[in-house]
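Dear colleague,

I am handing over the structure we spoke about, and I would be glad if you looked through it before reading my notes. My notes come after it.

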Amino acid sequence: MASKSQPKVPKTGSPASFTNGKAESQGQWGRAWEVDWFSLASVMFLLLFAPFIVYYFIMACDQYSCSLTAPVLHVITGHASLADIWAKTPPVTMKAAQIYTLWVTFQVLLYMLLPDFCHKFVPGYVGGVQEGAVTPAGVVNKYQVNGLQAWLITHLLWFANSHFLFWFSPTIIFDNWIPLLWCANILGYAVSTFVMIKGYLFPTNANDCKFTGNFFYNYMMGIEFNPRIGKWFDFKLFFNGRPGIVAWTLINLSYAAKQQELYGQVTNSMVLVNVLQAIYVLDFFWNETWYLKTIDICHDHFGWYLGWGDCVWLPYLYTLQGLYLVYHPVQLSTPHAVGVLALGLLGYYIFRMANHQKDLFRRTDGRCLIWGQKPKAIECSYTSADGQKHHSKLLVSGFWGMARHLNYTGDLLGSLAYCLACGGSHLLPYFYFIYMTILLTHRCLRDEHRCASKYGRDWARYTAAVPYRLLPGIF
Ligand code: NDP
């Protein structure tokens, strides 16, 4: 579950790249070896503007009640200058620095010092030491999967504090939101810079490093594939899941507490956003082992876009609906609330079932039932750069027979539900849906490019059998 898109494809082969028959291109595994101008322009744009985009959204809520146009209009019409807006922005504070340091340290300790015990007594949960996918250099990393446990402990403590301990106010996150933004940025830049230097000086696995010769591209897209400190501290798994995704549900709870404090009640829209996003977050941790095999972990290197993105972009922009509802406490009519809930659950169902069907199909090599029937598949093959021929199968039953990426469509329906919970007065809460649509459409196209190179004619047979990508009959 990373939050960012990835520029274009490589042009030369990686050590274990693959090709199928007539496919001419090799090295489609992971990020680029060479940078074309479009990728470089995208990288420069994001490096320059992404921090301002985050600042703009949060500042717009803080100073302009979440209106996206008001700050621009104020500046254009001379009612405020950029200096005025900046002067009203809270600076970093010692309190925020302490909260953030404590938070990250606590998550590091949970990650490193507490081996998973949930898998020992929670039926159906797969955690503990698990293997990731084979890296381009042929390495299979082991991971300590204990995210569910970290999430549960963190939330138990949060509820214990809110109801019995009273060490801090549950509005603490909202109350320090902008000072915390500076702290998150400091960590995001520090970790990205550290892994860049580490990639040059002491990489965890030199064969899994990629250098493009372009400083900015290397900085943003990462050099190392799986940077680690010691045997277990894996930067990608830690930053991808914690502290950002564990924080997601706490941030929402803090927004709900703020509504209660300000208005004496929590609106049904806030409850819906909290519940639907908590399902998504819990799903992530319940399936953390499965996430080891997704594109984020299997193909992306660790640089600024994951390091900074997980520290700043994700916690600040994925939680905009709750933030908006603090400033605009929308109380939905019952039909509206039921509609949002139904859409959110439908989206989640499609997302989860599509992912589950592919996982089950691949794990059992097709010896399973999908929608009560033996699944249909297209046999496919590819050759890795060492000349080895491999066989695989593409599922054409269930959701994977309806469209080639219905798991993304389900994700998008769920995203839309969070936004619709906020009513229709402002654009800001809809940012998440717009962003996810761009992210997942781009991801779909880049994944298909990779699969076409990998499977060649077999992929063409698959796309002929399942002609649509995200929306059956439309796209
Ligand atoms: P997928 O889980 O869809 O994996 C794509 C891979 O699956 C392909 O590269 C191919 O790999 C294999 N594949 C493709 N078609 C088939 C088929 N018909 N049968 C069998 N295997 C097939 O993609 P992601 O890893 O991107 O996404 C995982 C989930 O995470 C999604 O549900 C997505 O919505 C979610 N997500 C959420 C984000 C967020 O920020 N909230 C960001 C990104 C993802 P192979 O080489 O093995 O054949």
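This is a predicted model: local features need pLDDT of at least 70, side-chain atom pairs count only at pLDDT 80 or more; totals for chains, interfaces and linings use all residues.

Residues are numbered from 1 along each chain as its sequence is written, and side-chain values use heavy atoms, with hydrogens and water left out.

The domain assignment of the protein gives domain 1 as 87–331 and domain 2 as 358–474, with bounds that come from an automatic or database domain assignment. The centres of the two domains, taken over C-alpha atoms, are separated by 25 Å, and 20 residues from domain 1 and 20 residues from domain 2 take part in the contact, where contact means heavy atoms within 4.5 Å. About 1,800 Å² is buried between domain 1 and domain 2, with carbon and sulfur atoms giving 63% of that area; buried area is the accessible area (1.4 Å probe) that two parts lose on being put together, summed over both. On the side of domain 1, Ile295, Gln321 and Tyr324 lose the most area to domain 2, and together they account for 31% of what that side buries.

Between the domains there is one salt bridge, a term that stands for a side-chain nitrogen of Lys or Arg within 4 Å of a carboxyl oxygen of Asp or Glu. The side chains of Asp300 and Arg446 meet in a salt bridge at 3.5 Å, N to O. Four residue pairs, both residues at pLDDT 80 or more, are in polar contact between domain 1 and domain 2; a polar contact is a pair of N or O atoms within 3.5 Å, and within protein one must be able to donate a hydrogen and the other to accept it, while residues adjacent in sequence count only if both atoms are side-chain atoms.

Helices α12 (268–286), α14 (295–299), α15 (304–317) and α16 (320–327) each supply at least two residues of the side of domain 1 that touches domain 2, and α12 gives the most, with five residues. Helices (H or I, at least four residues) and strands (E, at least two) are DSSP runs, numbered from the N terminus.

As for the ligand, 29 residues surround it, the closest being Tyr408, Asp411, Arg443, Asp447 and Tyr455; a residue is counted if one of its heavy atoms lies within 4 Å. An oxygen atom of the ligand is 2.6 Å from an N or O atom in the side chain of Tyr408, and for the side chain of Arg450 the corresponding distance from a ligand oxygen atom is 2.8 Å. A nitrogen atom of the ligand is 2.9 Å from an N or O atom in the side chain of Tyr462.

Two places in the backbone deserve a look, because most residues other than glycine have a negative phi, and most peptide bonds are trans. A cis peptide bond, with omega about 10 degrees, joins Arg242 and Pro243, and Pro243 is placed in the loop between α10 (235–241) and α11 (244–263). Cys66, although not a glycine, has a positive phi of about 70 degrees, and Cys66 lies in the loop between α1 (37–64) and α2 (70–76).

With best wishes
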